[in-house]
Amino acid sequence: MEGVPRTVAAPLFHVLLCGFNRLLTTSRHGAPARSLWGLVGMDELLQEFISETQETLEALAGEVVAWEADPSDRDRLDAIFRFFHTVKGSCGFLNLPRFERLSHAAEDVLSDIRAGERKADAGTVTAVLGLMDRIGELTDAIATGVALPSENDEFLIAALTAQTKMAEEAPMPAPVEGTESSGTGVAVSRQGGQSGPRTIRLPLTLIDQLMNGVSDMVLARNELSRKLRERSADPELDNVFERLSTCVADMRDVISKTRMQRVERLFAAIPRMVRDISRDLGKRIDLTLEGGDVEMDREMVEMVVDPLTHIVRNAIDHGIETPEQRRAAGKPETGSLRLEARQSGNQIVIVVSDDGRGIDTGRLVEKALAAGRISMENAARMSADEKLDLIFQAGLSTATQVTAISGRGVGMDVVRANVERIGGVIALDNHPGKGLTITLRVPLTLTIIPGLILRGGGQHFAIPRAAVVEILHDNNDMLEIGSVGGAKIATIRGIRHSMVDLEDVLGLAKVDQTGPRAIMVVRSATGIPFAMGVSAVDNHEELVIRPASPLVMATGLYAGMTLPDNGRPMLLLDAAGLANAARLPNILDDRAARQLKDEVDAQAGVEMVAALRFEEISGERRLLQLSLIERVEDIDAHLFGRSGGRVFARLEGRLVPVANGLVEFDREKVSALRLRDGSREACYPVAAVLDIVQMPLVPDMVAMHGLLSGVSVIDGVHLEVVNPFALFASLPDDPVFERSRGRCLLVDAEDGWTREILAPLLRQAGHDVMLGLPNDAAVDPQDVILCSNDDTAQAAGMMGCRVVRLRASPRAAGPQDASIYRYDQDGLMAALTGTRG
Amino acid sequence: MDNLYLFAMLAGTRVAVEASEVEAVVRLSDISPVPGMGAHVAGLSALRSRVLTVVDVAALIHGRATPAQERGLAIIANISGHSYGLMVESVSDICNVLEGELPLRGQIDPAWAPYARAIVEYDGMPWLLVPLARFIEGGGQQQAA
């Protein structure tokens, strides 16, 4: 067991050095070359050089003969030139001046011939061959350790130069056949000689071992560093150690990178494939590749190649229509195919979207019926998603005929199986007639992710940076932590989050601490955000994540582990797993649940609630529970009016009831509180908004009277408290506006624009707005999902309701871009209503 | 197959482990606990750059975790691609036993039943032959149950 890694490691090192060798011979850096001598014996490199030269000489033997017969033979000339060039490069590095002089002379002459500046006459050929033979002799001499007199070298070189002179005296009649213009010819040939960036294939286990080795090195360095610190300071020693540290760090970086690969490699074959297939099928396709610089584990890249290739083939073959069909369907003749990769938390998301005909779910159902997979009854009961899911059934394809490109029975079932085998997820966002978006999510295993190191219960843990929305200290004013019935609720800027303490989830004891605890708002890839209390968040680090053993993974709390420099293994927390373990409810689920909580709060005697202190038009100062107030705005007085005995304000094209029945004002603009009880809204004109205070939930003196529920004492002043219940109860029963519409679900709940601009706009327009998706997927078909991100759009589309996609750019990405510019209010409103119509 | 066994004391019982399963026996230093796990997972420990999942075998058998100060040696083994350290009380010898494994006799303690495969006779005494993987897989089943 132990022996194997060693023997395998040796050739790798060798290969690495050969790579260095090539690099160095071309760049001619003296210093690194010397340092390399320290690493391997000179003998080894020399041996390498000798055997390489001898091998090439053997192989060239035949070529030389042929070249002699036909000096204008370009290929053979090139081969011989490369030989001299390689020899020259290597021996410069190995400090073999004789080789260098010989090969240099030959190379000069040959490059002239290649450039067409000289003719390869018989004399030159002979002289070159003489040099070749000489190099062969020298190589043998070195190999056997025999000295060789050097005067012959001069003679041979002189012979070659003499040929040159003769050639100059008798200008050649015509350039050698097939030669290119001098400049490019040389440049190309030199490149050939230096052999570009060379790559080798290595088993992954080797790289893993190398990585482990480097990690060991880091640990050893750290130990050394500790030992050094214990001793008295020695600047000289410190310097050396510093250098060693840098080297080790660099080494680690490089080795870490060997495992990572840019997604570009995954994309590399796509353009060619798209071109070939589309040409075969007579389709025109505009291909966009994005996110090629995302890095993923090379093993993962290899696993994803096949499914991705298949998806792209499908998209071209079955998705995108022929130009004629597209024209008939009112689409641009050129179809668009878009591949996008990005990292999302601990996943790589690859999105393939086309604007083709999408999946015909009707046909899928027919096929499934025909194949006896489902019964008629079943088919009738199936939801759109379930129908779409049939595409993953083995042997079902919507392709009407088997083509050479796809539809050979290897279908989406295989793709899904392959993706799931590597722990990935595949999702479809189908828009029949408009296109299909396929999202692959694959995990990042053994990879480097930005992570946060946090402390809880006296232990360190890591959490992916992407899972953390924000971090607050628990003494922050924006944060309020309430607790009821054992449940903790963190309210951050008015948004309530379920809160857990990491220690409680993990069953650890809380450690006493002097400073404030940190509250992290954590969001997993799929779940809703929750607040997590930890002792402290220490720092931010790039973490090399390793898979943890199945025993540990079985807890579901951890996503892996990492070994930091201190040598103490650290666990990587899984945000979704923690939420599961804590059995957190999804408070963003719906408003009713939240209100229920409010009531629970009230029953539990949560003392204070935030209230707005304001001045009525009539001059009294009153309080109103802040949570009911959506916002305060100035409204033109002329917008208020009376109709059918009721008072309304005309706002955003709707009639909003005025809660306190005021209609006449002595000023042009009136401050008004916009109220909402979840389904209904109202407008409450006031003289002035004073401030926000904490008031007792139950007024100090309960006195139900009209709109008032009682009186509370705030800062020694008695203030009347407006009774929200009475306030809404007093509103006209029949809504001014039909409100049986669905909710607007804003997926990108954490996005500032969505929260601060879009949500208010929608609410103004009378839509019921909800931030984030309900986690239990309890989406009403009437609901509309708004998002700005294709991927979420697709995920949202799976939930069975309409999706309105917003884009930041005023211009559409393409003619088939169904998204709406986010400041296009009319378009947005039309889309919201249209989606219901 | 050669009959080379490692003999150790584990949860107060004499056990034999096939030497081919054993990578090394090390003295455990630092163990970082894994919260949220049963007592049978003592934690993680770094052996150079490898991270071991340290299994408290005694806890697996008696259901009592070994106190931290009594943690001593661990058998390092690679089980289905992951490195584990299985805590043992002491290791006595590595020895060739010519007659190899003998079938189990007598009534074995139910606690040991899932883990023991055979008996190895050594030094005039019977030793329970325990395949290491059973501690990991068996533990997983218990966890799941």
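The axes of helix 5 (residues 97-114) and helix 6 (residues 122-144) of chain A come within 10 Å and cross at roughly 155°; axes are lines fitted to C-alpha atoms, for helices over the stretch in contact, and angles run from 0 to 180 degrees between N-to-C directions. That angle makes helix 5 of chain A roughly antiparallel to helix 6 of chain A, a term for angles over 145 degrees, whereas those under 35 count as roughly parallel, 65 to 115 as roughly perpendicular and the rest as oblique. Helices (H or I, at least four residues) and strands (E, at least two) are DSSP runs, numbered from the N terminus. Among the residues of helix 5 of chain A that meet helix 6 of chain A are A:Phe99, A:Leu102 and A:Val109, and the helix 6 side includes A:Val128, A:Leu131 and A:Ile135. Here two residues are in contact if their C-beta atoms, placed from the backbone, lie within 7 Å. The residues of this contact divide into 10 nonpolar, 2 polar and 2 charged. Ala, Val, Leu, Ile, Met, Phe, Trp, Tyr, Cys and Pro count as nonpolar, Asp, Glu, Lys and Arg as charged, and the others, Gly among them, as polar.

The model is predicted: local features need pLDDT of at least 70, side-chain atom pairs count only at pLDDT 80 or more, and totals for chains, interfaces and linings use all residues. Residues are numbered from 1 along each chain as its sequence is written, while chains are lettered from A and ligands numbered from 1 in the order in which they are written.

Chain A also holds an open sheet of 5 strands, in the order 32-31-33-34-35, with parallel pairing. Two strands pair if DSSP finds at least two bridges between them. Strand 32 (768-771) and strand 35 (820-821) of chain A are the edge strands, each pairing on one side only. Helix 24 (residues 752-764) of chain A packs on this sheet and touches strand 31 (743-746), strand 32 and strand 33 of chain A; its direction makes about 160° with that of strand 32 of chain A.

Chain B has 2 helices and 11 strands. Of its 145 residues, 39% count as buried, that is, with 20 or more other C-beta atoms within 10 Å of their own; a residue is exposed with 12 or fewer and partly exposed in between, with C-beta atoms placed from the backbone. An open sheet of 5 strands in chain B has the order 3-6-7-5-4 and mixed pairing. Strand 3 (24-27) and strand 4 (41-47) of chain B stand at its edges with a single partner strand each, so one side of each is left without a neighbour in the sheet.

| Strand pair | Sense | Bridges |
|---|---|---|
| Strand 33 (residues 784-787) and strand 34 (residues 802-807) of chain A | parallel | 4 bridges |
| Strand 4 and strand 5 (residues 50-55) of chain B | antiparallel | 6 bridges |

The bridge partner of A:Ile785 is A:Val803 in strand 34 of chain A, and that of B:Ser45 is B:Leu52 in strand 5 of chain B.

Two loop residues of chain B deserve mention. B:Ala11, between strand 1 (4-10) and strand 2 (13-18) of chain B, has a positive phi near 50° and counts as buried with 20 C-beta neighbours inside 10 Å. B:Asp123, between strand 10 (118-122) and strand 11 (125-129) of chain B, has a positive phi near 60° and is exposed, with 12 other C-beta atoms within 10 Å.

The contact between the chains takes 24 residues from chain A and 23 residues from chain B. Helix 9 of chain A gives the most to the chain A side, with 4 residues.
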